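Trainee: I have the structure open and would like to go through some residues. Can we start with the terms?

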Amino acid sequence: MPGHEPPIDRRGTSSEKWEKYAGRDVLPLWVADMDLPTAPFVLDAVRERLEHPILGYTAPPARMAEGFRAWLRRRYGWRVDEEWLVWIPGGVPGFNVAARAVATKGHDLVIPAPVYGPILKVPDNVGLRGVVSSLALNHGRWEMDGDDLGAKMSAATAAILFCNPQNPSGRVYDRDELEAVAELTLRNDAVLISDEIHCPIVLDETKRHVPIASLGREVEARSISLFSPTKAFNFPGLNAAVAVIPDPVLRERYELAGTGLISVHSPLAFAALTAAFEDDSGWLDEQNAFLAGNARRLEVAITDIDGIRTTPVEGTYLAWLDVSALGLEDAAAAFEEHGLGLHGGEEFGDPGFLRLNFGCPRSILDQAVDRLAKAAEELAAKPV
């Protein structure tokens, strides 16, 4: 069952998420790693692969590639060729290599923020200038500010880096929003580098994920899109992802930029990916329904907590909490003292916020809600 009760004890397993607060009464709700069971068919596929006595270097299986292509067709109506696929060990190396592939000295990278922290680090990693375009909060939704984004892009812009569904706000961008971003990118002769790792996790039934590269042939040719089922099916420890790069010249540059940096040889990861892409059991829908219930539980609870605000989560299992009204110098440390291990907003580009991972059993979420309320009350009463 997706909402496993009682909670699975991960202590003593070298879990990065739980070891951070080992020996302390702190609920770890920070890194994007769910405390829910890995999909059973994924575990079965890994066990089956372990029946073979050798775990050697492994080429990407044709079955896995076909499973992914069928998955894109089935879920999003996007048809891709097998030759467009570059298998990589994860999203973070994927978009760092992408930046190296599309930019040279003197170029800049435009990044709508707040955004997943490692994306903000890409410009420094590759020796380029990063230009941040702030998301706008409109009627309870975080949206890309088209005017600001247009003003920030120029002939020097090599690429725009963003994620959809959006991390940390949980937005699932609408088609018209993506079309506006694509138009700006084409107008400036830039490339779209899109992190779509969380795309299977859509919690709002009125929303549908749209891969930005699927908008048309022109956009496709100027795109590098990153996908992985590791978040949705909860096996992030088996690092694996795929970059979809339709343009052959751009793909060749990507592969060249990854020389010595990118290698994928994990037979267990490939077994897990294949099982996830081929799943038609309805397991994911059941888990998304559970996560949607957690999201609504959290959102309703926060409406009664003075000093904390949030917005509806449309996708991902991450909530973006505005705690700026509490006037905290270090919000993450302050809430940690109250038994909550949350991700500080400064890593995403806004120190007045915290990111909370609600991908956990309901009993853990209920404890978190109680601690949030108590922490906010005590922190609000504390002299500045």
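Mentor: Buried means under 20% relative accessible area, exposed means over 50%, and partly exposed lies in between. Keep in mind that this is a predicted model.

Trainee: Is A376 buried or exposed?
Mentor: A376 sits in helix 13, residues 362-381. Its relative accessibility is 1%. The cut-off for buried is under 20%, so A376 counts as buried.

Trainee: Which residues does A376 touch, not counting those up to four places away in sequence?
Mentor: In sequence, A376 and V323 are 53 residues apart, and their C-alpha atoms are 8.7 Å apart in space. Contact means heavy atoms within 4.5 Å. With residues up to four places away set aside, the residues that A376 touches are I305, D306, I308 and L326.

Trainee: Which residues form the negative surface patch?
Mentor: One member is D304, in the loop between helix 11 (283-302) and strand 11 (318-322). D304 counts as exposed because its relative accessibility is 66%. A patch takes residues with over 30% relative accessible area and no salt bridge. The negative surface patch is formed by D304, D306, E377 and E378.

Trainee: What is the C-alpha to C-alpha distance between R222 and L186?
Mentor: R222 lies in the loop between helix 8 (217-221) and strand 9 (223-227), and is partly exposed at 26% relative accessible area. Leaving aside neighbours within four places in sequence, R222 is in contact with L186, D189, A190, V191 and L192. R222 and L186 are 36 residues apart in sequence, and their C-alpha to C-alpha distance is 7.6 Å.

Terms used. Residues are numbered from 1 along each chain as its sequence is written. This is a predicted model: local features need pLDDT of at least 70, side-chain atom pairs count only at pLDDT 80 or more; totals for chains, interfaces and linings use all residues. Side-chain values use heavy atoms; hydrogens and water are left out. Patches are made of residues with over 30% relative accessible area and no salt bridge: like charges are joined within 9 Å, nonpolar side chains (Val, Leu, Ile, Met, Phe, Trp, Tyr) within 5 Å. Accessible areas come from the Shrake-Rupley method with a 1.4 Å probe; for residues, only the protein chains shown count as cover. A salt bridge is a side-chain nitrogen of Lys or Arg within 4 Å of a carboxyl oxygen of Asp or Glu. Lys and Arg count as positive and Asp and Glu as negative; His and the chain ends are not counted. The place of a charge is taken as NZ of Lys, CZ of Arg, CG of Asp or CD of Glu. Helices (H or I, at least four residues) and strands (E, at least two) are DSSP runs, numbered from the N terminus. Buried means under 20% relative accessible area, exposed over 50%, partly exposed in between (1.4 Å probe, protein chains only).
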